[in-house]
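Subject: Structure handover

Hi,

Here is the structure you asked about. Please open it alongside this note; my findings follow below.

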Amino acid sequence: MVTIKVNGTSHQLDVEGEMPLLWVLREEIGLTGTKFGCGIAQCGACTVHINGQAVRSCVTPISTLDGAEITTIEGLSPDSRHPVQQAWLTEEVPQCGYCQSGQIMATVAYLKSNPNPTDADIDANLTNICRCGTYERLRRAVHRAAALMKI
């Protein structure tokens, strides 16, 4: 039995300990905003926050998370008004959109530690993959979000 808090709601789960958090979120709790991409923590589509840190949930066993607080894209903002989400919309970042929940979650965590990144900082630290190649719009959105978060 593992107890986790997801988006402010406590869940007591009786699942196999090696089950990745991604599948707990999607199959056990029913939150489908976090996406499966590669299954080996390379693409970042599955990025969520665990105790405030961006983590790739596809390789994070649920047994390591007893008592953890997890935030998914669904819990970031009840009305999509988080500055990063607003910047994403303004800059029209998504093309297919599949990777965007992971991109947004990674960006939110990153901007907490680096509120004024350069393009080089963004390229070096936001390593999620976008198969559509929307990196230029993504960079603009990160800068816009950083500015919005200072207001």
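Is the crossing of H3 and H6 left-handed or right-handed? The crossing of these two helices is right-handed. Bear in mind throughout that this is a predicted model.

**H3 and H6**

Helix H3 covers residues 83–90 and helix H6 covers residues 135–150. Their axes come within 8 Å and cross at roughly 140 degrees. Angles over 145 degrees would count as roughly antiparallel. H3 and H6 are therefore oblique to each other. On the H3 side, the contact uses Pro83, Val84, Gln86, Ala87, Trp88 and Thr90. On the H6 side, the residues are Leu138, Ala141, Val142, Arg144, Ala145, Leu148 and Met149. By type, the residues of this contact are ten nonpolar, two polar and one charged.

**H3 and H4**

H3 also meets H4. The axes of H3 and H4 come within 9 Å, crossing at roughly 130 degrees. That makes H3 oblique to H4. This crossing of H3 and H4 is right-handed. From H3, the contact takes in Val84, Gln85 and Trp88. From H4, look for Gln100, Gln103, Ile104, Thr107, Val108 and Leu111. The residues of the contact of H3 with H4 divide into five nonpolar, four polar and no charged.

Next, the strands. Five of them form an open sheet with mixed pairing, in the order E2-E1-E5-E3-E4. Strand E2 (9–13) and strand E4 (53–56) stand at the edges. Each has a single partner strand, so one side of each is left without a neighbour in the sheet. From one strand to the next, the twist averages 35 degrees.

E1 (residues 2–6) runs antiparallel to E2, and five bridges join them. Within this pair, Ile4 stands opposite His11 in E2. The hairpin of E1 and E2 has two residues between the strands. There, Asn7 takes a positive phi near 55 degrees.

**Helices on the sheet**

Which strands does H1 touch? Helix H1 (residues 21–29) packs on the sheet and touches E1, E2, strand E3 (47–50) and strand E5 (69–71). The direction of H1 makes about 80 degrees with that of E1. Helix H4 (residues 100–113) lies across E3, E4 and E5. H4 runs at about 40 degrees to E3.

Best wishes

Note on methods
Residues are numbered from 1 along each chain as its sequence is written. This is a predicted model: local features need pLDDT of at least 70, side-chain atom pairs count only at pLDDT 80 or more; totals for chains, interfaces and linings use all residues. Side-chain values use heavy atoms; hydrogens and water are left out. Two strands pair if DSSP finds at least two bridges between them. Helices (H or I, at least four residues) and strands (E, at least two) are DSSP runs, numbered from the N terminus. Axes are lines fitted to C-alpha atoms, for helices over the stretch in contact, and angles run from 0 to 180 degrees between N-to-C directions. Contact means heavy atoms within 4.5 Å. Angles under 35 degrees count as roughly parallel, over 145 as roughly antiparallel, 65 to 115 as roughly perpendicular and the rest as oblique. A crossing is left-handed if the near helix is turned anticlockwise from the far one by less than a right angle, and right-handed if clockwise. Ala, Val, Leu, Ile, Met, Phe, Trp, Tyr, Cys and Pro count as nonpolar, Asp, Glu, Lys and Arg as charged, and the others, Gly among them, as polar.
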